[in-house]
Amino acid sequence: MANRFLFFICLAVISFSPCLACTSAIVGADMNPYGRPMLWKNRDTSAFDNKIEYIPSKGNDFAYVALFNSADSLLNEAWMGMNEYGFAVMNTASYNLKDDDVPQKEMDKEGFVMSLALKKCKDIEDFATLLDTLPCPMGIEANFGVIDAYGHGAYFETNNHQYNRINLNEAPEPIIVRTNYSHTGRDNEGYGFIREANANHLLQDYIEEKNVTPEVFTEVLSRSFYHSLLDKDFSKGEGKWVIDQDFIPRFTSTASIVIEGCKPLKEGETLSPDFLTQQYIMWTGLGYPPVSEIIPVWCSKEGVDKSLSGDSITGKSLQCDKALERKSEVFPFTKGNGNKYMDMEVLFNEEGTGYVQQLLPQNLATYQSTRAVRDK
């Protein structure tokens, strides 16, 4: 009887998964063979419909482009984005920083903060000042990742009243990974420990070669089913049905996006927003990442492909809809706990017709052709 009770306790723990979860990284320019810093976010959320929108400058607000929930018709909450001055920001939810009794209904304000940051911040120091001056409690428990045009990068592990700043140039290597706990938070609390280990394992060879590119994130990490605790890649000969647990891409994953910045400016150097707009690219895969197409985005009105932006009536993105339709084949069961079971043969199979197998060469060609124009 005791063993049976323990089983149900373990099952409850395994079944619980925070809706606001993500896997992310900041990469220094020295790790990228093109000499450009990067932000990556594999977004997890219960809001499956996402879109990309450009927000023009207005008054003293800067122009920016960002990821939004499709239902956000007023574009109030950005979940990752970059502005015309080369400031870029994203977040992952944290679950080991909150140290007060602020009710949950007054939390989850990260999207509002990132929208404000994209409107007002030119660099990382501006973002630190923004956090310093926001009224408390801020309604935040998150790891904010930021980069700027000077090659600076940092995570701000932030709760309602304060933050701890982890600068990229002070890390053991110029690359930092974060999931759903903060390294400066309470020990052994939070989520994403296995996902963080997955990401670090998959990145290791690229780090040693200093060859961490945007496609490493969107085409390798966000399409990988490697499980670090079991030391097994479930995409390779593990059978048709696989339980969706602790992979980087999950049933709740809704986008994989990399913002690749410019070659770092010298301190005090300034360049026009027009130049930065041409140099910064937001490599975007909407919908369930293993079945998404990568489309480049720039911070301009013409820089957002129509298939990524929201429809005028439904607010939904065509690219996101396409990926969600493919996802329904990967998770074909809709009853009970059906969304925990993946048909891996839809993604990888011996015939080479799996979605990952088909999309990989297409996406790599997009990277190659777009990069050739930018670097010209």
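S57 is partly exposed, with a relative accessibility of 46%, and sits in the loop between β3 (50-55) and β4 (64-69). Please keep in mind that this is a predicted model.

**S57 and its surroundings**
- Leaving aside residues up to four places away in sequence, S57 touches F62, A63 and E84.
- S57 and Y181 are 124 residues apart along the chain, and their C-alpha atoms are separated by 34 Å.

**N83, in a strand**
- N83 belongs to strand β5, which spans residues 80-83.
- Is N83 buried or exposed? N83 is buried, because its relative accessible area is 3%, and the cut-off for buried is under 20%.
- A polar atom of the N83 side chain lies 2.7 Å from the backbone oxygen of C121.

**Helices α2 and α3**
- Helix α2 covers residues 110-120 and helix α3 covers residues 124-133; their axes come within 10 Å and cross at roughly 130°.
- That angle is why α2 is described as oblique to α3.
- The crossing of α2 past α3 is right-handed.
- Which residues make the contact? On the α2 side they are V113, L116, A117 and K120, and on the α3 side they are D126, F127, L130 and L131.
- Sorted by class, the contact between α2 and α3 has 6 nonpolar residues, 2 charged residues and no polar ones.

**W40, in a strand**
- W40 is found in strand β2, residues 38-44.
- With a relative accessible area of 1%, W40 is buried.
- What does the side chain of W40 make a polar contact with? The partner is the side chain of S256, at 3.2 Å.
- Residues up to four places away in sequence aside, W40 touches T23, S24, A25, M80, M90, F217, L221, S222, I248, S256, I257 and V258.

**T213, in a loop**
- T213 lies in the loop between α4 and α5 (214-220).
- Although T213 is a loop residue, it is buried, at 7% relative accessible area.
- The residues T213 touches are N32, P33, Y34 and M38, once residues up to four places away in sequence are set aside.

**D187, an exposed loop residue**
- D187 is placed in the loop between β10 (175-178) and α4 (193-208).
- Its relative accessibility is 65%, so D187 counts as exposed.
- From D187 to Q278 the C-alpha to C-alpha distance is 42 Å, and the two are 91 residues apart in sequence.

**Backbone details to look at**
- Most residues other than glycine have a negative phi, and most peptide bonds are trans.
- L75 has a positive phi, near 55°, and is not a glycine; it is located in the loop between β4 and β5.
- D108 is another non-glycine residue with a positive phi, about 60°.
- D108 is in the loop between β6 (88-93) and α2, and its relative accessibility of 33% makes it partly exposed.
- Where is P137 located? P137 is in the loop between α3 and β7 (142-147).
- The peptide bond leading from C136 to P137 is cis, with omega near 0°.

Technical notes:
Residues numbered from 1 in each chain as written. Predicted model: local features only at pLDDT ≥ 70, side-chain atom pairs only at ≥ 80, totals over all residues. Heavy atoms only, no water. Axes fitted to C-alpha atoms, helices over the stretch in contact; angles between N-to-C directions. Helix = DSSP H or I, 4+ residues; strand = E, 2+ residues; numbered from the N terminus. Parallel < 35°, antiparallel > 145°, perpendicular 65-115°, else oblique. Left-handed = near helix turned anticlockwise from the far one by under 90°. Contact = heavy atoms within 4.5 Å. Nonpolar A, V, L, I, M, F, W, Y, C, P; charged D, E, K, R; others polar. Buried < 20%, exposed > 50% of the residue type's maximum accessible area, 1.4 Å probe, protein only. Polar contact = N/O pair within 3.5 Å; in protein donor to acceptor, adjacent residues only side chain to side chain.
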